[in-house]
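I opened the model and kept notes as I went.

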Amino acid sequence: MTAAPEHDVVDLLSADHREFDRLFRELEGLLGRTGADDLRRKRDLVDEVTIGIVKHAVAEETQVYPRVEADVDREEAERSKHEHGEAEETMKRLERMDPEDAGFDDEVRTLIREIREHVVHEEGRMFAELRRAFSSEQLTAMARDVERVKAIAPTRAHPLTPNEAGVRTVLGPVASLLDHLRDAVSGRGRHSG
Ligand SMILES: [Fe+2]
Ligand SMILES: [Fe+2]
């Protein structure tokens with residue numbers, strides 16, 4: 001992913017969407033395969049895309065959706081949060097499964113479908129609205145806010161050390177990562193971590 005400093009928030013979030021799709025396409029090539037290397041790779045890809053989606057979703061929910069909700073399109077913000085919630089439930093089921101479990105591949109298919117549908121909705125409606133409703137300066141500032149939230153989270157699975165903000169973000173349960181990240185953004189994590 002490129003890190004051009006003046007990307008606006010639509011460019012930035014769209015680049016994340018393309019990255020999720022790249023991981024999904026590799027995952028799709030592994031569905032139905034049961035070799036040891038294939039199973040390991042499926043687990044790694046699911047973990048990687050889960051971390052990416054969680055960071056992206058929390059950044060959107062804290063830095064972008066509230067502004068859409070307040071000033072642009074309440075219904076679209078509500079729908080987007082609901083769609084995040086559904087994908088979150090799928091990711092929680094996946095993290096409790098082993099890739100050799102019956103049903104793992106079906107849950108992967110569910111996650112891929114949920115995220116692809118959400119991306120179509122988001123890019124087709126909300127992103128167009130963002131570009132209409134906000135100036136390029138505002139959209140660039142929003143991109144910096146999104147980058148800041150994403151930087152709080154770990155980039156790899158199972159990091160057990162506190163990040164720069166002094167907040168311990170532990171990936172294991174998706175729920176735990178989500179809670180820690182949301183707390184860190186809101187400042188509540190200072191007391192619970
Ligand atoms: Fe998104
Ligand atoms: Fe989203």
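I call a residue buried if 20 or more other C-beta atoms lie within 10 Å of its own. On that count, 32% of the 193 residues of the protein chain are buried. I note at the outset that this is a predicted model.

**Entry: make-up**

I looked up the secondary structure. The protein chain has seven helices and zero strands. Along the sequence I read α-α-α-α-α-α-α. I then took the contacts between residues at least 6 apart in sequence; 66% of them join residues at least 24 apart.

**Entry: α1 and α2**

I took helix α1 (residues 9-30) with helix α2 (residues 36-71). Their axes come within 10 Å and cross at roughly 160°. Angles over 145 degrees count as roughly antiparallel, so α1 is roughly antiparallel to α2. I logged the crossing of α1 and α2 as left-handed.

Next I listed who meets whom. From α1 come V9, L13, D16, E19, F20, L23, E26, L27 and L30. They meet D38, R41, K42, L45, E48, V49, G52, I53, H56, E60 and V64 in α2. I sorted the residues of this contact by class: ten nonpolar, two polar and eight charged.

**Entry: α3 and α4**

I moved on to helix α3 (residues 74-95) and helix α4 (residues 104-133). They pack at an angle of about 160°, with axes 10 Å apart. α3 and α4 are therefore roughly antiparallel to each other. Their crossing is left-handed.

α3 contributes E76, R79, S80, E83, E86, A87, T90, M91, R93 and L94 to the contact. α4 contributes E107, V108, T110, L111, E114, I115, H118, H121, E122, R125 and M126. By class I have seven nonpolar, five polar and nine charged residues in the contact of α3 with α4.

**Entry: confidence**

Which element of the protein chain has the lowest mean pLDDT, and which the highest? I found the lowest in helix α7 (residues 189-192), at 45. The highest is α1, at 98. The protein chain averages a pLDDT of 86, and 83% of the residues score at least 70.

I marked two stretches with pLDDT below 50. One is residues 158-171. Beyond near neighbours in sequence, residues 158-171 have 31 contacts in the model. The other is residues 189-193, with seven such contacts beyond near neighbours in sequence.

Methods:
Residues are numbered from 1 along each chain as its sequence is written. Chains are lettered from A and ligands numbered from 1 in the order in which they are written. This is a predicted model: local features need pLDDT of at least 70, side-chain atom pairs count only at pLDDT 80 or more; totals for chains, interfaces and linings use all residues. Axes are lines fitted to C-alpha atoms, for helices over the stretch in contact, and angles run from 0 to 180 degrees between N-to-C directions. Helices (H or I, at least four residues) and strands (E, at least two) are DSSP runs, numbered from the N terminus. Angles under 35 degrees count as roughly parallel, over 145 as roughly antiparallel, 65 to 115 as roughly perpendicular and the rest as oblique. A crossing is left-handed if the near helix is turned anticlockwise from the far one by less than a right angle, and right-handed if clockwise. Ala, Val, Leu, Ile, Met, Phe, Trp, Tyr, Cys and Pro count as nonpolar, Asp, Glu, Lys and Arg as charged, and the others, Gly among them, as polar. A residue is buried if 20 or more other C-beta atoms lie within 10 Å of its own, exposed if 12 or fewer, and partly exposed in between; C-beta atoms are placed from the backbone. pLDDT is the predictor's confidence in each residue, from 0 to 100.
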